[in-house]
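Here is a friendly note to read alongside the model. Take a look at the side chains first, then work through the points below.

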Amino acid sequence: MGKNAKARIQKGKILSFVPTGEYYFTKGLKAYRRRDFLKAKKYLERAMQLEPGEPMITCQLAIVSTELGEYENSNRLLHLILEELDVEMAECHYFLANNYAHMGFFKDAYHHAKLYLELDPIGDFSEDTEDLMEVLTLEVEELEDELYPQDDLIFKQEQARELLESGYFPKAIELLTDVVEEYPEYWSAYNNLALAYFYLGDTNRAESILMDVLERNPGNLHALCNRLVFSYYQGEHSSVERMVQPLKKIQPILAEHQFKLGATFALVGEYDAAYSWLKRLYSYGFDGDGPFYYWLAYAAYHTGHENFSRNIWKRVLEFSPEKEGLEPWATEKVNGFENHYGSIFQKLDSDYIEERFFAIFLASVSEKKEELLTSKRLVRNQKLTLLEKQYISLIKSGKPSMVQDAHEIAELLYENHKPIDAIQAGLFLMWFSVFAEISAESASLLKNKNAWAGAIEYVWHRLRSEKVTKQELAKRYGISSATIGKYVKMVNTYLN
């Protein structure tokens, strides 16, 4: 079923087709018409696997994702159609407009609604689109004639957010840097860029970006919230207390801002304020994603609403099954990337060798080490170099290679920094970046493992503007301050 197929989508339904995945597609449509959306999704995903280039199957899967409230996944599929499969499939703009309207992104919704009417003014959805545009005009006071280009900024933002949540910081920085260069007043991208630099350990650059945003766009809520988060992670308790009070007085109108405020309060332990905002959104029917339900569950639990928290946690697991065991009532939490299997595989697919090294290390300390190291997804990975394959061999069978020293240095860091969260990930990425450079020279450089571990940690703390002395780290790793100093110079040489 290619571009010449006569089948068209009418009011969310697909009529005819002749694909090799016909069996699963038909079963998916039947389940969709019975409103059994979970089963429909299962069958349509199988049909899409069999015919990944078929826009009609992809579009129907996007429709089902919308019915399940999975707006981000639906948008991803619709953009895939418009960018790679069938640029003339105008109805995708109608579906995008509806999705963005549900998500509270009214300008993006208006943009796609307008595009649909321009491309197909007498199409099946033209009347519905005109009605939607009237509603959107009421929601947004000033809608510019040209809002965003065809390859929509909000989609890139969603990509960047997913990269950030998975600890995929260099790639996020690359994507967001392109966005802010092309659109110098797109503040949301600046804020995520600051987060990426912060998590990677460059706190000075992160703070500088936020200050620039607040200077050019005073009162920017995301920047104010991120400054609070930075201070919280850095243990600056007086700054946290000082910044929290003004934020409690803010009364944002947009759902996106209310969620940001509520999630920020939950993250810094201000659970009453967090619950107030997040529960309000929930009561209004806000269609949140995994992070929304995650923070709502935590805020509910810590404000005495345990039954509600347990019910909400079921939604969290629907979005992110790997979070099982991280419940707010769990006595022991393993909240690290080493047990986020999706994140590990995403890093293994990275174009950056340091992230692939990091992923292999995470697999080595994961609870499901064997499952990860024997998975077909790893075996079939075409990006792995000979050195990375040797690393996997080392983890599986202990077969020695020059990567063994690098692995043992990472283990020394892990003893003092586990589990590995978004902050700690920057330390390990820094080490594997250095190792990637060293591997082109000589393995003998890695003989003094404690010195490398101490030096990497020292540089990492200093980049994060955290107070630490060479004497402290020398004592921790059983070496002299002079040795730390010598290896710090080497680390800086390889990082520059």
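Is Lys449 buried, partly exposed or exposed?

1. Lys449 counts as partly exposed, at 22% relative accessibility. For these words, buried means under 20% relative accessible area, exposed over 50%, and partly exposed in between (1.4 Å probe, protein chains only).

2. A word on the source: this is a predicted model, in which local features need pLDDT of at least 70 and side-chain atom pairs count only at pLDDT 80 or more, while totals for chains, interfaces and linings use all residues. Residues are numbered from 1 along each chain as its sequence is written, and side-chain values use heavy atoms, leaving out hydrogens and water.

3. Now the partner of Lys449. Glu408 forms a salt bridge with Lys449, with the closest N and O atoms 3.5 Å apart; the term means a side-chain nitrogen of Lys or Arg within 4 Å of a carboxyl oxygen of Asp or Glu. This pair links distant parts of the chain, as Glu408 is in helix α23 (residues 403–416) and Lys449 in helix α25 (residues 449–463), 41 residues apart. Helices here are DSSP runs (H or I, at least four residues), numbered from the N terminus. Glu408 is partly exposed at 27%, and a network of salt bridges links Asp405, Glu408 and Lys449.

4. Arg315 and Glu318 both lie in helix α17 (residues 306–319), 3 residues apart, about one turn of the helix. Their salt bridge has its closest N and O atoms 3.3 Å apart. Arg315 is partly exposed, with a relative accessible area of 29%, whereas Glu318 is exposed, with 57%. The count of salt bridges comes to 12.

5. Next, the rings. The structure holds 37 aromatic pairs, where rings of Phe, Tyr and Trp (its six-membered ring) pair if their centres lie within 6.5 Å; planes under 30 degrees apart count as stacked, over 60 as edge-to-face and the rest as tilted. Phe292 and Tyr293 are edge-to-face, 5.1 Å centre to centre with 75° between the planes, and both are buried.

6. The rings of Phe357 and Tyr391 have centres 6.2 Å apart and planes at 50°, so this pair is tilted. Phe357 lies in helix α19 (residues 353–364) and Tyr391 in helix α22 (residues 386–397), so the pair ties together parts 34 residues apart in sequence. Phe357 is buried at 0% relative accessible area, and Tyr391 is buried at 0% too. Ring pairs link both into a cluster with others, including Trp431 and Tyr487.

Conventions
Helices (H or I, at least four residues) and strands (E, at least two) are DSSP runs, numbered from the N terminus.
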